[in-house]
Amino acid sequence: MLIATGIYAMYSLIRYDQFRTGGYDLGIFDQAVRHYAHLKSPFSPIKGYQYNLLGDHFHPLLIVFAPFYWLWDDPRVLLVGQAVAVAACIPVLVRMCDRRMGPVLSRLIVLVVMVSWPLQGLIDFDFHEICLAMPLLCLAFDALDRRSSVAFVAWSILLIGVREDMGLVVTMLGIIWIVQPHRDHTPAIETRRRPAVGIAMILTGAISFMLVVGVLIPHFSGGGSYGYWDYPDLGTGPSAMIQSILTHPGGAFHLVVDNATKRQTIGWLTLPFLCLFLLSPRWIAATPLIIERFWSSRQLLWEPRFHYNAPIFLILFIAAVDALSSRPLRRWRTPLSWAMLAALAITIPVVHTANPLAEPFAQLPGQIIAHSSPSVQASREALALIPADVCVTADDRLVTQLTRSNRVTVPGTTAPAPAYILLDMSQPDTGGNLDDPRTVLKSAVSSGYDVIFDKNAILLLRGSDTRPDPSRCGPTAP
């Protein structure tokens, strides 16, 4: 666990040092958690003026990082925290594997899983709240293994605080609690409680999801609606979606695999486990996350990249390991375990060959070499010219270097007029789907901003009013 934490943290900190982290999403979460640390609502100026991040996604559990900002007020707290959270899966996974295979094999297979392409994608994506779901999922399944109802309920409820879609995952966990076969050593009291605990989690997960998506997120967003309904092929709302699924179930299933990218991603997620997970009911915990992604019209959700694959991969791994205890596989447990280990190991170079972006750890040597590149040095020089407590608009790739000292946002976001504008003219945009830097430059110059730094395509413009104002332009300004 310590070695994995070190590798994950080193990778993330090098990316930060090389200006490879972005306002989307490290800067957004950094601003929100910093507000938590100052006992304020989780505003994120990158998303908009007085934008409460609970109106984007529901992730109140992010508050666990706030106390660490009292020790070190820096976005890198989140990078290190994410490394610790993901690595914390290791002892729990090893414990579950030890119940079904030898100690050497269990440690080898967990090692390979922790450097697999979905875990690399999670660490590579700067920071995301889903990192908190990883250890909680492991702990919930471990409690299910031990038939510990108190621990199972506790970890499941905490999952709901990670993100709104975890409510549906908790519903699935409740179903698994009911249908999962008892072990011989299950106490009689647990036998009586078995359906009650499962039913409670089914209802808790479903009700929390409807409450969060239908009431809490619309309330905090101020727009009166949930902003991530991206399912035009199934209708304009939940009722239309349900009607579409009931009347055309084949079409709903086809939508999951109707694209080559979807099929490739699903193949890489499932084939390394030799589809053994299908012999355990635990795989159904991944279905809400699979449906959420592959029914969506957002193409980025389909790709074998970013953080989206990690929780699905983790659940399928846990289910595949659990399947080794099933009656049909009990005789073949050891050879199947070694076969799954081999398949997981082979997947790493195969995925890298097919899609290098899906194996970001391979880019680490190049990032270390780029430490002293002219662009990086110019960026550092430009940042040194910006005083604290002034409003700044910056390229998404430079935002995270300013969030601890300034109210900073990206071009196109409604905000107080910035005192400084920082641009990287070598890029085609100022961030994913954000404005062209040349358009931003032209608008800024016409508005009276002067270029005070121009080196290696890094431009810094200054406005007329550059007086520091902590209440309006400090790092905790809304």
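How many helices and strands does the protein chain have?

## Overall build

In this predicted model, the protein chain has 21 helices and five strands. Its C-alpha atoms fill a box of roughly 75 × 45 × 45 Å when the box is taken along the principal axes. For 478 residues a compact globule would have a radius of gyration near 23 Å, and the value for the protein chain, 24 Å, agrees with this.

## Burial, contacts and surface

Of the 478 residues in the protein chain, 56% count as buried. Where contacts join residues at least 6 apart in sequence, 71% of them link residues that are at least 24 apart. The protein chain exposes about 20100 Å², and carbon and sulfur atoms supply 64% of that area.

## A nonpolar patch

Phe68, Trp70, Leu71 and Trp72 make a nonpolar surface patch of about 550 Å². One of these residues, Phe68, lies in helix H3, which covers residues 66–69, and with a relative accessible area of 48% Phe68 is partly exposed, because exposed would require over 50%.

## Backbone features

The peptide bond that runs from Tyr24 to Asp25 is cis, with omega near 15 degrees, and Asp25 has its place in helix H2, residues 23–37.

Leu39, in the loop between H2 and H3, has phi near 60 degrees, a positive value in a residue other than glycine; at 77% relative accessibility, Leu39 counts as exposed. Cys275 likewise has phi near 60 degrees, a positive value in a residue other than glycine, and is found in the loop between helix H14 (260–270) and helix H15 (287–294). At 33% relative accessibility, Cys275 counts as partly exposed.

Key: Residues are numbered from 1 along each chain as its sequence is written. This is a predicted model: local features need pLDDT of at least 70, side-chain atom pairs count only at pLDDT 80 or more; totals for chains, interfaces and linings use all residues. Side-chain values use heavy atoms; hydrogens and water are left out. Patches are made of residues with over 30% relative accessible area and no salt bridge: like charges are joined within 9 Å, nonpolar side chains (Val, Leu, Ile, Met, Phe, Trp, Tyr) within 5 Å. Accessible areas come from the Shrake-Rupley method with a 1.4 Å probe; for residues, only the protein chains shown count as cover. A salt bridge is a side-chain nitrogen of Lys or Arg within 4 Å of a carboxyl oxygen of Asp or Glu. Helices (H or I, at least four residues) and strands (E, at least two) are DSSP runs, numbered from the N terminus. Buried means under 20% relative accessible area, exposed over 50%, partly exposed in between (1.4 Å probe, protein chains only). The radius of gyration is taken over C-alpha atoms; the globule rule is 2.2 Å times the number of residues to the power 0.38. Contact means heavy atoms within 4.5 Å.
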